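User: I would like to go through this structure in questions and answers, with the cut-offs stated as the terms come up.
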Amino acid sequence: MASRISCRHILVKTEAEANAILFDLQRGADFAKMAQEKSLCPSKKSGGDLGEFGKGQMVREFETAAFALKPGEISNPVKTQFGWHIIKCGAVR
């Protein structure tokens, strides 16, 4: 089980927006470019990159989804108190 991972994410207000973005990503859209164009999070400036983090550093729903991914995998929309996230897993340690 990974103790630290790195991820990118795209944060939007609605599930419909998240599903539309996921649809585009599944058809080959560039994750970092989509984050820059669509995300509400300040991390959009770096293509949604959240860097490396360990357990207990993110809200529960986000963390559960992120740690369930394999490197390169993209999550289904994840709802948190901040909105709807699409998460892409990077490195796992």
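User: Is Arg93 buried, partly exposed or exposed, and what is its relative accessible area?

Analyst: This is a predicted model, in which local features need pLDDT of at least 70 and side-chain atom pairs count only at pLDDT 80 or more, while totals for chains, interfaces and linings use all residues. Residues are numbered from 1 along each chain as its sequence is written, and side-chain values use heavy atoms, with hydrogens and water left out. Buried means under 20% relative accessible area, exposed over 50%, and partly exposed in between, with a 1.4 Å probe and protein chains only. On that scale Arg93 is exposed, with a relative accessible area of 56%.

User: Which residue forms a salt bridge with Arg93, and how far apart are the closest N and O atoms?

Analyst: A salt bridge here is a side-chain nitrogen of Lys or Arg within 4 Å of a carboxyl oxygen of Asp or Glu. The partner of Arg93 is Glu52, and the closest N and O atoms are 2.7 Å apart. This pair links distant parts of the chain, with Glu52 in strand E2 and Arg93 in the segment after E4, 41 residues apart; helices (H or I, at least four residues) and strands (E, at least two) are DSSP runs numbered from the N terminus. The answer is therefore Glu52, at 2.7 Å.

User: Why does the salt bridge of Arg4 with Glu52 tie together parts that are 48 residues apart in sequence?

Analyst: The closest N and O atoms of Arg4 and Glu52 are 2.8 Å apart. Both residues are partly exposed, Arg4 at 28% relative accessibility and Glu52 with a relative accessible area of 37%. The pair spans 48 residues in sequence because Arg4 lies in strand E1 and Glu52 in strand E2.

User: How many salt bridges does the structure hold?

Analyst: Besides the two pairs of Glu52, with Arg4 and with Arg93, the side chains of Glu61 and Arg60 meet at 3.8 Å, N to O. Salt bridges that share partners join Arg4, Glu52 and Arg93 into one network. For the Glu61 pair, Glu61 counts as partly exposed at 32% relative accessibility, whereas Arg60 is exposed at 62%. The number of salt bridges in the structure is 3.

User: What is the nearest side chain of opposite charge to the buried Glu63, and how far away is it?

Analyst: Lys and Arg count as positive and Asp and Glu as negative, while His and the chain ends are not counted. Glu63 lies in helix H3, and, leaving aside residues up to four places away in sequence, Glu63 touches Gly54, Lys55, Gly56, Gln57 and Met58, where contact means heavy atoms within 4.5 Å. Glu63 is buried yet has no salt bridge, and the nearest side chain of opposite charge is Lys55, 5.6 Å away.

User: Which strands are included in what covers the buried residues of H3?

Analyst: In helix H3, residues 60–68, the buried positions are Phe62, Glu63, Ala65, Ala66 and Phe67. What covers them includes four strands, given with their residue ranges: E1 (4–12), E2 (49–54), E3 (78–80) and E4 (83–92).

User: In what order do the 4 strands form the open sheet?

Analyst: Two strands pair if DSSP finds at least two bridges between them; E1 and E4 pair in the antiparallel sense over 7 bridges, and E3 and E4 likewise over 3 bridges. E2 and E3 stand at the edges, each with a single partner strand, so one side of each is left without a neighbour in the sheet. The twist averages 45° from one strand to the next, with axes fitted as lines to C-alpha atoms, for helices over the stretch in contact, and angles running from 0 to 180 degrees between N-to-C directions. The pairing is antiparallel and the order is E2-E1-E4-E3.

User: What is the radius of gyration of the chain?

Analyst: The chain comes to 3 helices and 4 strands, following the pattern β-α-α-β-α-β-β along the sequence. The radius of gyration is taken over C-alpha atoms, and the globule rule is 2.2 Å times the number of residues to the power 0.38. That rule gives 12 Å for 93 residues, so the chain is as compact as a globular protein of that length, with a radius of gyration of 12 Å.
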